[in-house]
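Here is a friendly walk through one model, taken feature by feature. Please keep the sequence and the structure open beside the text as you read.

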Amino acid sequence: MAHSSVASKPKFNGLKMAAMLIAAILALPILVVLVNVLIGDGDVWRHLYDTVLAEYISNSLLLMLGVGVGVLVIGVPCAWLTSMCDFPGRSLLSWALLLPMAVPAYIIAYTYTGVLDFAGPVQTFIRDVTGWRYGEYWFFEIRSLGGATVMLTLVLYPYVYLMSRAAFLEQSENTLEVSRTLGYSGRAVFFKLALPLARPAIVTGLTLALMETLADYGTVQYFSVNTFTTGILRTFYGFGDVAAASQLAGVLLMFVAMLILLERYSRHRIRYHASGLKKASNRRMALKGGRGILASAFCLVPILVGFIIPVSVLAYWAIFKADRPGTNFIQLAWNSFYLAAIASMIVVSLALVLSYAIRLNNSRSVGVSVGIAGLGYALPGTIIAIGTIVPLAWLDHRIIELVKYYSGDKVGLIFSGTLVALLFAYTVRFMAVSLGAVQNGLGKIKPSMDMAGRSLGMSSFKVLTRIHIPLLKGSVLTAILIVFVDVLKELPATLVLRPFNFNTLAVRAFELASDERLVDAAPASLMIVLVGLVPVILLSRSISSRTDYSK
């Protein structure tokens, strides 16, 4: 009853309308893409359909299949071992398995290409030792669909690991003990009980990994793998046809929608409750001798291959091989940092408004509006970029016409050719990340705090600024850091929307790698990785403190 009084006593129509307006604006890029799908003339689309569409679909499906299998094979066993078993190095490996999240897929692709390509040190060493020449031996072709699959798997498996580990840690020891008394072996407990119980969480992690796979541009472009993301940008730039690019984006949206429906169907069909029961992590199975060594090695390999080796190579290139960073690098770093800082502040501020609107107006309209506002994270940056540039360019041209009509003056692009477009696209893309952190923090604040503030005569704004925001410092800081790093790594939206002569670390690293200047791309790439470590470390500490019940 107390909660309902907090939500319903004041009407807060202004806040409700603000939330719905923000959601409508953030949904604009998606709406623009869908409208362009319907109004295209079809000539370019027919050309794409006759020539490359089948390749886009097959490559995208194969990439999803390969990455899906890869992240499951790595993420689920590692989550089970670190949650339910005791072996040498478990406590260290349990959080270190998240480190590859700090490495963007396109950066790990550049690094391994420099190491494993024909002119790289590995193949050069093989030729020097054996005397073989090119064509006389087989070696894995890194610039291929298989190579892209491996690179994406190495940086995306933490999504499955994270969700699976949380699910395993929450499972009841009572349930698992009953299965053992019935004669189930450790393997049978995993496959017949623990794995089915964790299936919704595993599917959620898998869905996130597959959506990131569909959204990837830098890796597949560098490896010359034709997927929807490369096709959308190629159509947009090569043909100059927004409608045809939108039609490709519409097909990609169908893939994304299917993944979202799969994830929701999984959660809807299977629900388990074990609240109040003893957690299974209180009693881990001890793995000794060879089994313990194998468990340690299995968990160490993804960390070694997905983080330690590529970061070590980048550090070596940046320190000993690359040209010394000059004023241009400082400018790139400054562009990246202040752009990410502004974007993170905008996104988190809007997330506070939307989350607070839900808390005070527990209505379906507000809930649906906030859900729409968070839809952008499920979409590739290419789709959001196209959906952003079309309405902003239309608005710019209307302003130019009005100014010229009334004053005769000429004005340049105000929105579409400036950082405004880029910041808007970032807001659409990463709103869901910020909403999750802020809503989680707000959910921990008791409704009685709102009532206490109101009893002292505080307005809703004062309750937010004087009570909630001080209590939300941790959640807000987490949201700011995560959005900051996501913006720093974002590539396709930045490539499309950046102003003329404006570069970031991500774009510069991509340009240098595309010109085969992998060593020179190392300083920018290493900077992105090091900054990305901050939220990963915070996330690891948070998980360890909240879910590792043995401590």
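## Reading exposure in this model

A residue counts as buried under 20% relative accessible area, as exposed over 50%, and as partly exposed in between. Glu516, with a relative accessible area of 44%, is therefore partly exposed. Please keep in mind that this is a predicted model.

Helix α24 itself is mostly covered, with 7 of its 10 residues buried. The buried residues of α24 are Leu505, Ala506, Val507, Ala509, Phe510, Leu512 and Ala513. Now look at the loop between α23 (492-497) and α24 (505-514), where you will find Asn501. Asn501 is another residue that is not a glycine and yet has a positive phi, of about 65°. Is Asn501 buried or exposed? With a relative accessible area of 71%, Asn501 is exposed.

## Helix α16 and its neighbours

Two packed helices are described by the angle between their axes and the distance between the axes. For helix α16 (residues 327-360) and helix α19 (residues 419-443), the axes come within 6 Å and cross at roughly 50°. The crossing of α16 past α19 is right-handed. What kinds of residues make up this contact? They divide into 22 nonpolar, 4 polar and 1 charged.

Helix α16 also meets helix α17 (residues 364-373): their axes come within 9 Å and cross at roughly 155°. Angles over 145 degrees count as roughly antiparallel, and α16 and α17 are therefore roughly antiparallel to each other. The crossing of α16 and α17 is left-handed.

## Aromatic pairs

How many aromatic pairs are there? With ring centres required to lie within 6.5 Å, the count comes to 13 aromatic pairs. One of them joins Tyr110 and Tyr222 in an edge-to-face arrangement, 5.1 Å centre to centre with 75° between the planes. Tyr110 sits in helix α7 (residues 105-116) and Tyr222 in helix α12 (residues 218-222), so this pair ties together parts that are 112 residues apart in sequence. Both Tyr110 and Tyr222 are buried. These two tyrosines also belong to a cluster, in which ring pairs link Tyr106, Tyr110, Tyr222 and Phe223.

Another aromatic pair brings us back to α16. Trp334 and Tyr338 form a tilted pair, 5.4 Å centre to centre with 40° between the planes. Both residues lie in helix α16, 4 residues apart, which is about one turn of the helix. How does the surface treat these two? Trp334 is exposed, with a relative accessible area of 54%, while Tyr338 is partly exposed at 23%.

## A charge over a ring

Where does the charged end of Arg127 sit? The charged end of Arg127 is over the ring of Phe118, 3.9 Å from the centre of that ring.

Cys299 is found in helix α15 (residues 289-321). Cys299 has a relative accessible area of 0%, so this residue is buried.

Gly14 lies in helix α2 (residues 13-26) and, with a relative accessible area of 54%, is exposed. The C-alpha atoms of Gly14 and Ala357 are separated by 9.6 Å, and the two residues are 343 residues apart along the chain.

Terms used. Residues numbered from 1 in each chain as written. Predicted model: local features only at pLDDT ≥ 70, side-chain atom pairs only at ≥ 80, totals over all residues. Heavy atoms only, no water. Axes fitted to C-alpha atoms, helices over the stretch in contact; angles between N-to-C directions. Helix = DSSP H or I, 4+ residues; strand = E, 2+ residues; numbered from the N terminus. Left-handed = near helix turned anticlockwise from the far one by under 90°. Nonpolar A, V, L, I, M, F, W, Y, C, P; charged D, E, K, R; others polar. Phe/Tyr/Trp six-rings, centres within 6.5 Å; stacked < 30°, edge-to-face > 60°. Buried < 20%, exposed > 50% of the residue type's maximum accessible area, 1.4 Å probe, protein only. Lys NZ or Arg CZ within 6 Å of the ring centre and 35° of its normal. Parallel < 35°, antiparallel > 145°, perpendicular 65-115°, else oblique.
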